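Take a look at the structure below.

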Amino acid sequence: MSPEVFILVLVFGALLVLGIPIAVCIGLASVATILMLVELPAGYMVAQRISMGIASFPLLAIPFFILAGILMGEGGLARRLMDFAFSLVGRFPGGLAYMNTLSCMLFGAVSGSAAAAVSSIGSFMIPQMEQRGYKREFAVALTATSATTGLLIPPSNIMIVFAVVSGNVSVAALFLGGVLPGLAVGLAIMAGTWFTLRVLKGVALQTPAAPGDGGPQALPTPGVWKSFLGATPSLLLVVVVLGGILGGVFSATEASAIAVAYCLILGMVIYREIKPSALPRLLLKGALTTAVVMLLVGASQAMSWVLSYEQVPQMVSQAMLSLSANPLMVLLLINLLLLAVGVFMDMTPAVLIFTPIFLPVVVELGMDPVHFGIVMITNLCIGLCTPPVGACLFVACGVGRTSIVRVMPAAIPLFIAMLLALLVITYWPPLSLALPRLFGLL
Amino acid sequence: MKNPLFLRIWEGVVRLLEGTVVTIFGALVFAVLWGVVSRYLPGIRPSAWTEELAISLLVWLTLLGAALGFRSHAHLGVDYFVNKLEPSASKAAVVLGEVTVFGFAAFALVYGGWRLVTETLATGQITPVLQWPMGWLYAAAPISGIFICAFCIEHLLRPAAFSSPASELSLAD
């Protein structure tokens, strides 16, 4: 390890442990390393990399999808999607639990953001489930894990981030590649729910006899057709966004702007749940979320310049391949490393920092970058639900007014389900690649 | 910071910054939508400038918004270890954090950004479509840096005004 790389890792690690915002950790570690390469002006370089790192047309989709997500949350969309989900699965035993997962998947397909799904779906579903005999802790764990499926089901902001840092991966291919894995994770969580309701009743139910059999009988199931009509304008957005991108009508960025326009019209004119006077507040909220994400993207561009100048990816690649040249082992190793990272770090910085390091390794082994992106995102989704740092878990605990420690017993079976889904997604590439290939994107 | 007039002016400056960010976001939505509309509606010439304008607005939105993010402690960090510290040590960590952010903003964004702006302006580089001087695109960095430094000082001088816990903001939001 060269002294520059040593300083980079040391400064980054020390600042991270001190709780300094990660964007600043990345920026200062880059400054310190560039300062050691005496012929370069460090401040100038970092300021330039940050600015140029943000100035990219594909990244423009991120603020728009964030804004669209906020507008949908305010615009009365979540409730209509939940009605539809309930009409589909409400009649089955444990229907309310499956409805929770399905609503999160539908919401994710529309907004592509997990914590928004947790707060929109959770604030309705958690009290409902508790009223019908489920333990509150189980409802919280279920909402947190289910919401992460939205990051795999397109549109998904984290995929745009991955596409940009990985260089030349197509956003459309990633979006399409995420569809089946997203469904797989959702199904795995439903299977975990089924297992919990069958075998671990005490974890999920207040009394052993309650909703596991018969389900929430007291709730009348709305007609499938009627609730489908109610949810149609929201579901139509998925068709417009994905269809437009895949059909080559517009780019992902343009699609995201159309999504904003669509949500504005839906929320202000058709559902009339957003007042014009609320717009500045919503824009400011969206701008702050955008700035947090994009500053990280810009700063990590400075660091990835340093990393590639110091040939770190090549070093890591050689080190890992010297451990084992067996792709199965290397992938297992990377997955374990990422799981550990995800426990302590939020998804966006983890993707930004580790994509440039690990991608060359797996490409060397013949893995498709699209497949790796899906694997990485699935992996880090688990980290979003694990303490001590897990955005989805925190929001869900906040909505359900319970503590992380109490939620854990109910969450563990669902984590195992997600881990199994991760294994399948990692070692069965067609799940991620079949759809993009079918549409000629790979 | 005992002077209420000074505080009022300062709050006004912050509101102004918020208003600017909101305006930029609105303009950004409009620019990209206009790009799509002008491409598909007959009778309107496709606008080449929308993409370039949108990218410049994104740089400004991010850097000015990031400054506001520092004010409201919205940026993601790993607070697990700091939360485990004793109160006195964790107070010291908070001060150290502010000093670190100040140092980064002052060196990279204000000083580095200033050099970037002046040196780029001196080369006379212009953007391809709008023909604007490239240096002005970069001006967002030093301006954002000045605000971040000011917010760090504000945090240290009026800790009571920012005692609410950090909000959970991320892509997951």
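This is a predicted model: local features need pLDDT of at least 70, side-chain atom pairs count only at pLDDT 80 or more; totals for chains, interfaces and linings use all residues.

## Chain A: the fold

Chain A has 21 helices. Along the principal axes, its C-alpha trace spans about 75 × 50 × 45 Å.

Now look inside. Of the 442 residues in chain A, 63% are buried. Take the contacts in chain A with a separation of 6 or more: residues 24 or more positions apart account for 77% of them.

## Chain A: the charges

Chain A carries 17 positive side chains and 13 negative ones. The centres of these two sets lie 18 Å apart.

Side chains of opposite charge can pair when their charged atoms come close. Over all chains, the structure holds eleven salt bridges. One of the salt bridges joins R15(B) and E11(B). Their closest N and O atoms are 3.5 Å apart.

Both residues sit in helix α1 (residues 4-40) of chain B. They are four residues apart there, so about one helical turn separates them. R15(B) is partly exposed, at 44% relative accessibility. E11(B) is partly exposed too, with a relative accessible area of 24%.

## Chain B: a pair between two helices

E154(B) forms a salt bridge with R71(B), and the closest N and O atoms are 2.9 Å apart. E154(B) lies in helix α6 (residues 140-157) of chain B, while R71(B) lies in helix α2 (residues 49-71) of chain B, so the pair ties together parts that are 83 residues apart in sequence. Are these two residues buried or exposed? Both E154(B) and R71(B) are buried.

## Chain B: the network

E154(B) also meets R158(B) in a salt bridge, at 2.7 Å from N to O. E154(B) counts as buried because its relative accessibility is 1%, under the 20% cut-off. R158(B), at 18%, counts as buried as well.

Which residues do salt bridges with shared partners join into one network? They are E11(B), R15(B), E18(B), R71(B), E154(B) and R158(B).

Conventions:
Residues are numbered from 1 along each chain as its sequence is written. Chains are lettered from A and ligands numbered from 1 in the order in which they are written. Side-chain values use heavy atoms; hydrogens and water are left out. Buried means under 20% relative accessible area, exposed over 50%, partly exposed in between (1.4 Å probe, protein chains only). Contact means heavy atoms within 4.5 Å. Lys and Arg count as positive and Asp and Glu as negative; His and the chain ends are not counted. The place of a charge is taken as NZ of Lys, CZ of Arg, CG of Asp or CD of Glu. A salt bridge is a side-chain nitrogen of Lys or Arg within 4 Å of a carboxyl oxygen of Asp or Glu.
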